Amino acid sequence: MADWMKQLITAFSEKGGIFMFLRAQLSAQLATVTDFVITIALAQFFGMYYVYATCIGSVCGGMFNCFVNYEWTFKCHECKKSHVIVKYTLVWAGSVFLNTYGTYYLTEWIAGISWVRDTLSLYSKDLFIVPKIVVSILVALFWNYYLQRVFVYRNVNMKNLFKRENKL
């Protein structure tokens, strides 16, 4: 039994494959919890406008996610940290933009549909929470994971990549 457990832990901690995806999802969930706690605290307890709270929550969740992904998820210790930070910032800026404006537009659209607004208001007085969840899931799967896997945490020499493309 102990050998089986040890093998499972070893397989989960190795680089690549389905276990990398699972680590990325766990990291994303922890970053999402960080994001949501900060967003809801700012909106509920400090009365901040939900768009600003969403933006700040996304920034804090992104910082947490970058650190965990570098150290544990993608195990890219061969990549220069400065390169990872620059590439992550580009992807992260897109993520913050998509999360902030996606939440805003979906919330405003739902607020315009009276029966949906009235139904959701039975469960929560803050309408933006449901759109934030939907947008966060879509951005996490179709933007963050893919770009982090193929771009951010890859050791690519950008100068050589551009020189090679110019020669073709």
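## Getting to know helix α6

In this predicted model, the buried residues of α6 are P131, K132, V135, S136, V139, N144, Y145, Q148 and V152. Let's work through some exercises on this helix.

**Exercise 1.** Find out which helices the buried residues of α6 pack against.

*Solution.* Start from the buried set, which includes V135, V139 and Y145. Now look at what sits against these buried residues: they pack against α2 (17–44), α3 (50–73) and α4 (81–111).

**Exercise 2.** Compare the span of α6 with that of a straight helix of 24 residues, then look for a kink.

*Solution.* Step one: at 1.5 Å a residue, a straight helix of 24 residues would span 34 Å. Step two: α6, residues 129–152, spans only 29 Å between its end C-alpha atoms.

**Exercise 3.** Decide whether V130 and N144 count as buried, partly exposed or exposed.

*Solution.* Both need the cut-offs: buried is under 20% relative accessible area, and exposed is over 50%. V130, in α6, has 37% relative accessibility, so it counts as partly exposed. N144, also in α6, has 18%, so N144 counts as buried.

V130 also belongs to a nonpolar surface patch with I133, V134, I137, L138, L141 and F142, and together they have about 630 Å² of accessible area.

**Exercise 4.** Work out what N144 touches beyond its neighbours within four places in sequence.

*Solution.* Then check W92: N144 and W92 are 52 residues apart in sequence, but 7.7 Å apart in space, C-alpha to C-alpha.

Key
Residues are numbered from 1 along each chain as its sequence is written. This is a predicted model: local features need pLDDT of at least 70, side-chain atom pairs count only at pLDDT 80 or more; totals for chains, interfaces and linings use all residues. Side-chain values use heavy atoms; hydrogens and water are left out. Helices (H or I, at least four residues) and strands (E, at least two) are DSSP runs, numbered from the N terminus. The expected span of a helix is 1.5 Å times one less than its number of residues. The bend at a residue is the angle between axes fitted to the seven residues ending there and the seven starting there. Buried means under 20% relative accessible area, exposed over 50%, partly exposed in between (1.4 Å probe, protein chains only). Contact means heavy atoms within 4.5 Å. Patches are made of residues with over 30% relative accessible area and no salt bridge: like charges are joined within 9 Å, nonpolar side chains (Val, Leu, Ile, Met, Phe, Trp, Tyr) within 5 Å. Accessible areas come from the Shrake-Rupley method with a 1.4 Å probe; for residues, only the protein chains shown count as cover. A salt bridge is a side-chain nitrogen of Lys or Arg within 4 Å of a carboxyl oxygen of Asp or Glu.
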